[in-house]
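Visitor: I'm new to this one. Can you walk me through the ring contacts?
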Amino acid sequence: MKILIADSMHPSLFTMLEAEGWEYAYHPEYKREDIIRELPAFEGLFIRSKTFVDMEVMEPAKKLRFIARAGAGLDLIDLEIAKERGIKVFHAGEGNRDAVAEHMLGMLLGLLANIVKADKEVRNGIWDREGNRGVELMNKTVGLIGYGNNGGATAKRLSGFGCKVLAYDKYRDNYGDAFATEASLEEIMQEADILSLHVPLTDETKYLIDKSFIENFTKPFYLMNLSRGKVANLTAVAEGLKSGKIIGACLDVLENEKLKTLTEEQQAVFDYLINSNRVVLTPHIGGWTHESYTRINEVLLRQIKEWLVEA
């Protein structure tokens, strides 16, 4: 089997592929046009976030049997086209779930305890204890929207902090467990002190968090987004922060992560966020650990091998 690896991958992937006797070509430098030109010679494609794999990419690739996404989200792949063409799609959602869960807690604790704000102040010679009095996570109600790999791993860790965790997942039934109670979206809006998003980007979830959604919360809350940037409308988030309906926000993802291409409105919102002491920002690194870099490869290889046995 010949596989095209069109994105940067941890070297462990090469050893794993060689152990299976699979031939591969590693071209992380390939641009979209290169992938379209070369893919017809391959049966498999490994990507991370290189390009949108749509009809233009898949149609010429008559030999293509599978696409493996080294990450959790599948919004970069046209799943309907892949299904129509009989192309199996794999993703490594469980490969970085622990990294995402830990990152979420790190951001949240950094916000609640004013760690990020206080660090900046001390470095500038400001010793303000009272101004940095923190808020405890203990006994807070946390609402999770999406209860798959990342949501489940996050709930497990929150349980150690004495939190009440409510989980809503539109596409699952009977998913409550020892770490989270199954809840409706309305129940989360009524009870949550903290809202954390763990959903893929789809037509249904795009701008799920908008002005109306925020206003429907019974009490002010903290917002966590480590899913996809366009799940939350940042203009609405900024307005929520200004009004006090959002107490603070931790954002690992943005609507537009290419900061040099921000529109005038996006730039104004971004300027507000970066100057707010109630916002913690990181550059889409929630699942980006040394351990997950390797684990993602292990998960993808296991899935592909199991699929080949079943096929």
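Guide: What follows covers aromatic pairs and charges over rings in this predicted model.

Visitor: How many aromatic pairs are there?
Guide: The structure holds 10 aromatic pairs. One of them joins tyrosine 147 and tyrosine 175, with 6.1 Å centre to centre and 40° between the planes, a tilted pair.

Visitor: Where do tyrosine 147 and tyrosine 175 lie?
Guide: Tyrosine 147 is in the loop between strand S6 (141–145) and helix H7 (149–159), and tyrosine 175 is in the loop between strand S7 (164–168) and strand S8 (181–182), so the pair ties together parts that are 28 residues apart in sequence.

Visitor: Is tyrosine 147 buried or exposed? And what about tyrosine 175?
Guide: Tyrosine 147 is buried, at a relative accessible area of 2%. Tyrosine 175 is buried too, at 5%.

Visitor: What about phenylalanine 213 and phenylalanine 217, how are their planes set?
Guide: Their planes are at 50° and the ring centres are 5.7 Å apart, so this pair is tilted. Phenylalanine 213 and phenylalanine 217 are both buried.

Visitor: Which residues do ring pairs link into a cluster?
Guide: Phe46, Phe66, Phe90 and Trp307 are linked that way.

Visitor: Switching to charges. Which ring does the charged end of lysine 2 sit over?
Guide: The ring of phenylalanine 42, with the charged end 5.2 Å from the ring's centre.

Visitor: And lysine 242, where does its charged end sit?
Guide: The charged end of lysine 242 sits over the ring of tyrosine 272, 4.9 Å from the centre of that ring.

Notes: Residues numbered from 1 in each chain as written. Predicted model: local features only at pLDDT ≥ 70, side-chain atom pairs only at ≥ 80, totals over all residues. Heavy atoms only, no water. Phe/Tyr/Trp six-rings, centres within 6.5 Å; stacked < 30°, edge-to-face > 60°. Helix = DSSP H or I, 4+ residues; strand = E, 2+ residues; numbered from the N terminus. Buried < 20%, exposed > 50% of the residue type's maximum accessible area, 1.4 Å probe, protein only. Lys NZ or Arg CZ within 6 Å of the ring centre and 35° of its normal.
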